[in-house]
Amino acid sequence: MDKIKQFCIILLFSFAGEILNHIIPLPVPASIYGIALLFIALQTGIVKAEHVDKAGQFLIDIMPIMFIPAAVGLLESWDIVSGSAVKFAVVMAVSTVVVMAVAGLVTQAVIRMRGGEKK
């Protein structure tokens, strides 16, 4: 029952993100608005981490399953995608390396800003 309450809290912020998406004329996905609202609520103490931790962990645990429909959709339209498969592979490889590099640099910058590594 605890997970259901927590999941309802997450859904509430997701719904608020949907509303903001229709009100604010920016090309920002509704899920980003919802995540930002939940983040703000967590940072300000409106929502405590323990109010959403179990449901959040559950959603993270099942995340790989959520990619199955997208993969099936790609397989069903393989005849359309196959002509550009090499381009897609190159873009994925380059973007993966760029994301890893940027994440590493940002992490190093944050560690330096906090006073270096603690040993």
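**Reasoning through a predicted helical model**

Reader: What makes L105 count as exposed?
Author: Its relative accessibility is 55%, and the cut-off for exposed is over 50%, so L105 counts as exposed. Keep in mind that this is a predicted model. L105 sits in helix α7, which covers residues 85-113.

Reader: Why is H51 called partly exposed?
Author: H51 has 36% relative accessibility. Buried would need under 20% and exposed over 50%, and partly exposed is what lies in between, so H51 is partly exposed. You'll find H51 in the loop between α2 and α3. Setting aside neighbours within four places in sequence, H51 touches Q6 and I9. The C-alpha atoms of H51 and I10 are 9.5 Å apart, although 41 residues separate them along the chain.

Reader: How do you know whether Q6 is buried or exposed?
Author: Its relative accessible area is 2%, and buried means under 20%, so Q6 is buried. Q6 is part of helix α1. Beyond four places in sequence, Q6 is in contact with E50, H51, V52, D53, K54 and A55.

Reader: What makes the approach of Q6 to K54 a polar contact?
Author: The side chain of Q6 comes to 2.8 Å from the backbone nitrogen of K54, and the cut-off for N or O pairs is within 3.5 Å.

Reader: How would you describe the way α1 and α3 lie relative to each other, and why?
Author: Helix α1 (residues 2-23) and helix α3 (residues 53-61) pack at about 80 degrees. The range 65 to 115 counts as roughly perpendicular, so that is what we call α1 and α3. Their axes are 7 Å apart. On the α1 side the contact uses D2, K3, Q6, F7 and I10, and on the α3 side D53, K54, A55, G56 and L59. Sorted by class, that contact of α1 with α3 holds four nonpolar, two polar and four charged residues.

Reader: Which residues make up the largest nonpolar core, and what makes it a core?
Author: There are seven: I10, F13, L38, A41, V47, V52 and A55. They qualify because a core is a set of buried nonpolar residues joined through side-chain atoms within 4.5 Å. The elements giving two or more residues to this core are α1 and α2 (30-44). Take V47: leaving out neighbours within four places in sequence, V47 is in contact with I9, F13, A41, L42 and V52.

Methods: Residues are numbered from 1 along each chain as its sequence is written. This is a predicted model: local features need pLDDT of at least 70, side-chain atom pairs count only at pLDDT 80 or more; totals for chains, interfaces and linings use all residues. Side-chain values use heavy atoms; hydrogens and water are left out. Axes are lines fitted to C-alpha atoms, for helices over the stretch in contact, and angles run from 0 to 180 degrees between N-to-C directions. Helices (H or I, at least four residues) and strands (E, at least two) are DSSP runs, numbered from the N terminus. Angles under 35 degrees count as roughly parallel, over 145 as roughly antiparallel, 65 to 115 as roughly perpendicular and the rest as oblique. Contact means heavy atoms within 4.5 Å. Ala, Val, Leu, Ile, Met, Phe, Trp, Tyr, Cys and Pro count as nonpolar, Asp, Glu, Lys and Arg as charged, and the others, Gly among them, as polar. Buried means under 20% relative accessible area, exposed over 50%, partly exposed in between (1.4 Å probe, protein chains only). A polar contact is a pair of N or O atoms within 3.5 Å; within protein, one must be able to donate a hydrogen and the other to accept it, and residues adjacent in sequence count only if both atoms are side-chain atoms.
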